[in-house]
Amino acid sequence: QVQVVESGGGLVQPGGSLRLSCAASGSIFSINAMGWYRQAPGKQRELVATIASGGGINYADSVKGRFTISRDNAKTTVYLQMNSLKPEDTAVYYCKMTLRVAAWALLREYWGQGTQVTVSS
């Protein structure tokens, strides 16, 4: 069984910073990609940033230059460093891991439970 657990959300003032973490554990053969998504009230879930197993990184235009995605050496934990936060960054942030549980298994997506980020004065 695979678990994906996020941490690091909270309340921050505009212009402040937060760092989110997401760790995958359990029966994992390989992780193909890791990503952060967010969903604000009344809006659809949207991509924030992704990092592929080969190191390729993709950001939403709205966070380029402010957010940085990275991972640990074991490639089972992904981070999202968020700087210069704006009120419009307020959302529930979700981590997604695309992985295989065995060499013969298909790629599957596993989502975390979400962590609230609120940017307000």
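Start with the largest pocket of this predicted model, which is lined by 13 residues. Select Arg 38, Ala 40, Lys 43, Glu 46 and Glu 88, the lining residues that lie nearest the centre of the pocket. The pocket has a volume of about 180 Å³, and its lining, sorted by class, is made up of seven charged, four polar and two nonpolar residues.

Now keep two of those residues, Arg 38 and Glu 46, and show their side chains, which meet in a salt bridge with an N to O distance of 2.7 Å. Is Arg 38 buried or exposed? Arg 38 has a relative accessible area of 6% and is therefore buried, whereas Glu 46, at 35% relative accessibility, counts as partly exposed.

For another salt bridge, select Lys 96 and Glu 109, whose side chains meet at 3.2 Å, N to O. Lys 96 belongs to strand β9 and Glu 109 to strand β10 (residues 108-111), so this contact ties together parts that lie 13 residues apart in sequence. Of the two, Lys 96 counts as buried at 13% relative accessibility, while Glu 109, at 45%, counts as partly exposed. The count of salt bridges for the model comes to five.

Finally, switch to a cartoon view and look for the open sheet of four strands, which follow the order β1-β3-β8-β7 with antiparallel pairing. Its edge strands are β1 (2-7) and β7 (67-71), each of which pairs on one side only, and neighbouring strands of the sheet are turned against each other by 15° on average, direction ignored. Which strand is joined to β7 by five bridges? That strand is β8 (residues 77-82), and the two run antiparallel. To see a place where they pair, select Ser 70 together with Tyr 79, its bridge partner in β8.

Methods. Residues numbered from 1 in each chain as written. Predicted model: local features only at pLDDT ≥ 70, side-chain atom pairs only at ≥ 80, totals over all residues. Heavy atoms only, no water. Pairing = 2+ DSSP bridges. Axes fitted to C-alpha atoms, helices over the stretch in contact; angles between N-to-C directions. 1 Å grid on protein atoms, 1.4 Å probe; cavity = no way out; pocket = protein on both sides within 12 Å on 5 of 7 lines; lining within 4 Å. Points joined across faces, edges and corners; volume = space filled by probe spheres on them. Nonpolar A, V, L, I, M, F, W, Y, C, P; charged D, E, K, R; others polar. Salt bridge = Lys/Arg side-chain N within 4 Å of Asp/Glu carboxyl O. Buried < 20%, exposed > 50% of the residue type's maximum accessible area, 1.4 Å probe, protein only.
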